[in-house]
Amino acid sequence: MCGSELLSLPEGVQRVAAVLQSHEHPHMPVMLDQAARTAQQAADGLGVALGQIAKSIIFRRLSDDAAVLVITSGDRRVDQKKVEAIVGPLGRADAAFVKASTGFSIGGVAPIAHAKPCVTLMDEDLFRFDDIWAAAGHPHAVFQLTPNQLCDMTGVMESDVVEWPFADMPAGARKVLSDRSASVQAAGKSSMSPCVSVCRMEEVKDMCLGCLRTRDELRAWSTLDEDGKFVVWTAIAQRLQGRIT
């Protein structure tokens with residue numbers, strides 16, 4: 001992209017393009033015909049999976065009023081408690097705070113080229129994909145990159161900052177597993193199987209959507225004694241707490 005082409009872009013997109021050029025990035029911002037204010041709109045406009053859209057979510061840290069940027073996959077929801085465990089208590093960031101901190105308006109916040117330095121965390125689930133897309137400083141602008149390139153540009157490593165991705169866990173299985181878990185915790189030990197006949201693995205966490213056991217836990221189950229199985233049940237109980245209110 002030459003200088004004259006840069007000058008024709010909105011100011012926010014110019015800032016993003018300048019950072020990309022400084023990193024010798026091979027992909028400059030692309031202006032879409034339709035606005036991409038949400039991850040779903042961006043995915044639809046680009047013809048890619050929702051998870052390939054890198055959302056930039058801004059929080060306001062209560063202790064020092066610093067902006068906290070959480071970059072997450074479009075099909076994931078930020079777990080604020082996980083983020084707070086890393087950076088401290090957070091509050092809501094309104095439109096004025098987002099604009100003052102990043103220089104971008106909500107709906108076009110890029111993960112780079114911010115007006116002020118911010119605390120940045122990145123969702124490890126983005127590494128499911130070879131290529132991802134992020135907002136480029138304007139509701140119509142996006143740019144392509146890899147998760148590793150995003151790490152390099154932001155200077156951060158990936159973290160577990162999203163909710164357990166078990167939206168597809170059958171409600172009936174959830175109820176049965178929750179009841180069994182309560183019984184096991186009350187007894188203090190158990191050889192009862194967590195299996196609820198829903199044998200489907202969630203690809204990111206590599207965990208069964210029926211019993212919430214990891215592949216390693218499933219493989220080891222038949223060799224565990226009652227104490228070992230209770231340890232697995234305790235882990236299941238913790239996972240259930242993350243999904244059931």
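## Overall build

The model is predicted.

Along the principal axes, the C-alpha atoms fill a box of roughly 70 × 40 × 30 Å. The protein has 245 residues, and buried residues make up 47% of them.

## The largest pocket

The largest pocket holds about 410 Å³ of space. Its lining comprises 21 residues. Nearest the pocket centre lie Arg 37, Lys 55, Ser 56, Ile 57 and Gly 107.

Strand S2 provides the largest share, with six residues. By class, the lining has 15 nonpolar residues, four polar and two charged.

## Cysteines

How many disulfides does the model contain? The count is zero. The cut-off for a disulfide is a pair of cysteine sulfur atoms within 2.5 Å.

Take Cys 118. The closest cysteine sulfur to its own belongs to Cys 151, and the gap is 14 Å, so the two are too far apart for a bond. Cys 118 is partly exposed, at a relative accessible area of 23%. Cys 199 is also in no disulfide. For Cys 199, the nearest cysteine sulfur is that of Cys 195, 4.6 Å away. Cys 199 counts as exposed, because its relative accessibility is 71% and the exposed class begins over 50%.

## Aromatic rings and charge

What is the count of aromatic pairs? It comes to zero. The charged end of Arg 213 sits over the ring of Trp 221. The distance from that charged end to the ring centre is 5.0 Å.

## Leu 121 in strand S5

Leu 121 lies in strand S5, which spans residues 119–123. Is Leu 121 buried or exposed? Its relative accessible area is 7%, so Leu 121 is buried; the limit for that class is under 20%.

Ser 159 is 38 residues apart from Leu 121 along the chain, yet their C-alpha atoms are separated by 6.6 Å.

How values were computed:
Residues numbered from 1 in each chain as written. Predicted model: local features only at pLDDT ≥ 70, side-chain atom pairs only at ≥ 80, totals over all residues. Heavy atoms only, no water. Phe/Tyr/Trp six-rings, centres within 6.5 Å; stacked < 30°, edge-to-face > 60°. Lys NZ or Arg CZ within 6 Å of the ring centre and 35° of its normal. 1 Å grid on protein atoms, 1.4 Å probe; cavity = no way out; pocket = protein on both sides within 12 Å on 5 of 7 lines; lining within 4 Å. Points joined across faces, edges and corners; volume = space filled by probe spheres on them. Helix = DSSP H or I, 4+ residues; strand = E, 2+ residues; numbered from the N terminus. Nonpolar A, V, L, I, M, F, W, Y, C, P; charged D, E, K, R; others polar. Buried < 20%, exposed > 50% of the residue type's maximum accessible area, 1.4 Å probe, protein only.
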